[in-house]
Amino acid sequence: MTEVADRVTVFRPMKTDDLDTVMAIERGIYAHPWTRGNFSDSLDAGYYCWIAESGSEIVGYGVVMMVLDEAHLLNLSIASWWQRRGLGRQMLKFLTEHAVDHAAQCMYLEVRPSNVAGRALYAQAGFREIAMRPGYYPAGPGCEDAIVMEKLMP
Ligand SMILES: CC(C)(COP(=O)(O)OP(=O)(O)OC[C@H]1O[C@@H](n2cnc3c(N)ncnc32)[C@H](O)[C@@H]1OP(=O)(O)O)[C@@H](O)C(=O)NCCC(=O)NCCS
């Protein structure tokens with residue numbers, strides 16, 4: 001697929017006014033979406049919450065929490081109609097560089113073993129699997145483990 005994301009998207013900080021659209025995207029791409037409260041708590045806590053915008057349309061978002069010199073990627077989401085156009089890769093690069101600019105030495109994230117797209121994206125970006133968290137995620141009637149991934153910053 002042609003990488004169009006570079007030419008048409010900008011990144012800007014998320015605002016409370018964005019949350020209706022963010023929640024519509026979130027509900028469309030996750031079986032177990034974040035709640036509106038998860039996003040507003042992230043904004044209130046001062047986490048780095050970013051929107052990817054094409055024209056005036058929100059097409060993705062990401063949330064990063066800093067703990068001392070560790071960046072924790074809490075959410076990375078691309079609207080379903082914008083996936084597979086290079087935006088996830090571009091947004092991850094942006095969030096990583098922004099975290100480095102704010103003194104991050106490493107970035108951590110959790111991903112479901114069943115999330116083929118997410119795992120491939122992170123592996124391609126230089127993250128490595130370092131641990132498992134048993135039963136971390138809700139999944140249908142039960143739970144799903146989480147793979148913990150780490151990237152050390154140069
Ligand atoms: C995971 C996600 C962020 C990827 O964003 P995207 O914009 O579609 O991805 P890109 O087009 O930038 O692709 C980058 C790489 O990701 C991987 N990838 C993306 N979609 C994939 C898919 N459906 N299957 C396999 N690999 C995939 C590939 O390695 C791809 O590189 P390639 O194009 O050279 O093969 C997006 O699919 C998404 O928002 N999914 C739902 C939410 C989610 O799972 N977020 C991550 C939670 S941990």
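Trainee: What should I know about the model before we start?
Mentor: It is a predicted model, where local features need pLDDT of at least 70, side-chain atom pairs count only at pLDDT 80 or more, and totals for chains, interfaces and linings use all residues. Residues are numbered from 1 along each chain as its sequence is written, and side-chain values use heavy atoms, with hydrogens and water left out.

Trainee: Great. At what angle do H4 and H5 pack?
Mentor: Helix H4 (residues 87–101) and helix H5 (residues 116–124) pack at about 50°, and their axes are 10 Å apart. Helices here are DSSP runs of H or I with at least four residues, strands are E runs of at least two, and both are numbered from the N terminus. Axes are lines fitted to C-alpha atoms, for helices over the stretch in contact, with angles running from 0 to 180 degrees between N-to-C directions.

Trainee: And what do we call H4 and H5 relative to each other?
Mentor: H4 and H5 are therefore oblique to each other. Angles under 35 degrees count as roughly parallel, over 145 as roughly antiparallel, 65 to 115 as roughly perpendicular, and the rest as oblique.

Trainee: Which residues make that contact?
Mentor: On H4 they are Gly-88, Arg-89 and Leu-92, and on H5 they are Leu-121, Tyr-122 and Gln-124. Contact means heavy atoms within 4.5 Å.

Trainee: How about H2 and H3, how do their axes cross?
Mentor: The axes of helix H2 (residues 19–29) and H3 cross at roughly 130° and come within 10 Å. H2 and H3 are therefore oblique to each other. H2 contributes Leu-19, Asp-20, Val-22, Met-23 and Glu-26 to the contact, and H3 contributes Arg-36, Phe-39, Ser-40 and Leu-43.

Trainee: Switching to rings: how many aromatic pairs are there?
Mentor: A search of the whole structure finds six aromatic pairs. In one of them, Phe-39 and Tyr-61 have ring centres 5.6 Å apart and planes at 85°, so the pair is edge-to-face. Rings of Phe, Tyr and Trp (its six-membered ring) pair if their centres lie within 6.5 Å; planes under 30 degrees apart count as stacked, over 60 as edge-to-face and the rest as tilted.

Trainee: Where do Phe-39 and Tyr-61 lie?
Mentor: Phe-39 is in helix H3 (residues 36–45) and Tyr-61 in strand S3 (residues 57–67), so the pair ties together parts 22 residues apart in sequence. Both Phe-39 and Tyr-61 are buried. The cut-offs are under 20% relative accessible area for buried, over 50% for exposed, and partly exposed in between (1.4 Å probe, protein chains only).

Trainee: What about the backbone, what is phi of Arg-84?
Mentor: Arg-84 has a positive phi of about 65° although it is not a glycine. Arg-84 sits in the loop between strand S4 (70–78) and H4, and it is exposed at 76% relative accessibility.

Trainee: Last one: is Met-153 buried or exposed?
Mentor: Met-153 is buried, with a relative accessible area of 11%. Met-153 is in the segment after strand S7 (142–152). Met-153 and Met-107 are 46 residues apart in sequence, yet 7.6 Å apart in space, C-alpha to C-alpha.
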